[in-house]
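Keep the sequence and the 3D view open while you read.

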Amino acid sequence: MSKAVRTALAHTRAPVEARLVLAILAAHANKDLLAWPGADTIALLAGVCERTVRRHIRTLKDLGELRVIRRGVAGKATNVYRLDVLVEDFEVIDPYDTRT
């Protein structure tokens, strides 16, 4: 298990059902804590339907542990997930931070 997955699971306040989605996202995250697997990929790995994946992502987002960033153009947009639950444990530069 990677450090990102261990740390995410140790620090999350998410219910047990959403933890698997968080672990999958953490396993896909790059050094900037960004991941972009599709909902279909997450669903396949978690053994759930895409609707369940979207519900768990919404839960993680509501807890402030995950940020969903839309990228691309209309009709071809994809989501990038920023694992905010890991920010304190990893030094990262946020390319999507608009506060500057």
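## Starting at Leu25

Leu25 sits in helix α2, which covers residues 16-28. Helices here are DSSP runs of H or I with at least four residues, strands are runs of E with at least two, and both are numbered from the N terminus. This is a predicted model, where local features need pLDDT of at least 70 and side-chain atom pairs count only at pLDDT 80 or more, while totals for chains, interfaces and linings use all residues. Residues are numbered from 1 along each chain as its sequence is written, and side-chain values use heavy atoms, with hydrogens and water left out.

Is Leu25 buried or exposed? Leu25 has a relative accessible area of 0%, so it counts as buried. (Buried means under 20% relative accessible area, exposed means over 50%, and partly exposed is in between, using a 1.4 Å probe and protein chains only.)

Which residues does Leu25 touch, if you skip those up to four places away in sequence? The list is Ala35, Pro37, Ile42, Leu66, Tyr81 and Leu83, where a contact means heavy atoms within 4.5 Å. Leu25 and Arg82 are 57 residues apart along the chain, yet 9.0 Å separates their C-alpha atoms.

## How α2 meets α3

Two packed helices are described by the angle between their axes and the distance between the axes. For α2 and helix α3 (residues 39-46), the angle is about 120° and the axes are 10 Å apart. Axes are lines fitted to C-alpha atoms, for helices over the stretch in contact, and angles run from 0 to 180 degrees between N-to-C directions.

On the α2 side, the contact uses Leu20, Val21, Ile24, Leu25 and His28, and these meet Ile42, Leu45 and Ala46 in α3. That contact splits into 7 nonpolar residues, 1 polar and no charged. (Ala, Val, Leu, Ile, Met, Phe, Trp, Tyr, Cys and Pro count as nonpolar, Asp, Glu, Lys and Arg as charged, and the others, Gly among them, as polar.)

## On to α4

Next up is helix α4 (residues 50-62), whose axis comes within 8 Å of that of α3, crossing at roughly 100°. The two helices are therefore roughly perpendicular, a label for angles of 65 to 115 degrees; under 35 is roughly parallel, over 145 roughly antiparallel, and the rest oblique.

Here Ala39, Asp40, Ile42 and Ala43 in α3 meet Glu50, Val53 and Ile57 in α4. This contact has 5 nonpolar residues, no polar and 2 charged. Leaving aside neighbours within four places in sequence, Ile57 is also in contact with Val21, Leu66, Val68 and Tyr81, among others.

## The nonpolar core

A nonpolar core is a set of buried Ala, Val, Leu, Ile, Met, Phe, Trp, Tyr and Cys residues joined through side-chain atoms within 4.5 Å. The largest one has 25 residues, and those touching the most other members include Leu25, Ile42 and Ile57. Elements giving two or more residues to this core are α1 (3-11), α2, α3 and α4. The largest share, 7 residues, comes from α2.

In α1, the residues Ala4, Val5, Thr7 and Ala8 are buried, and α2 is part of what covers the buried residues of α1. Lys3 also belongs to α1, but it counts as partly exposed because its relative accessibility is 46%.

Stepping back, the protein chain has 4 helices and 3 strands, in the order α-α-β-α-α-β-β. Of its 100 residues, 37% count as buried.
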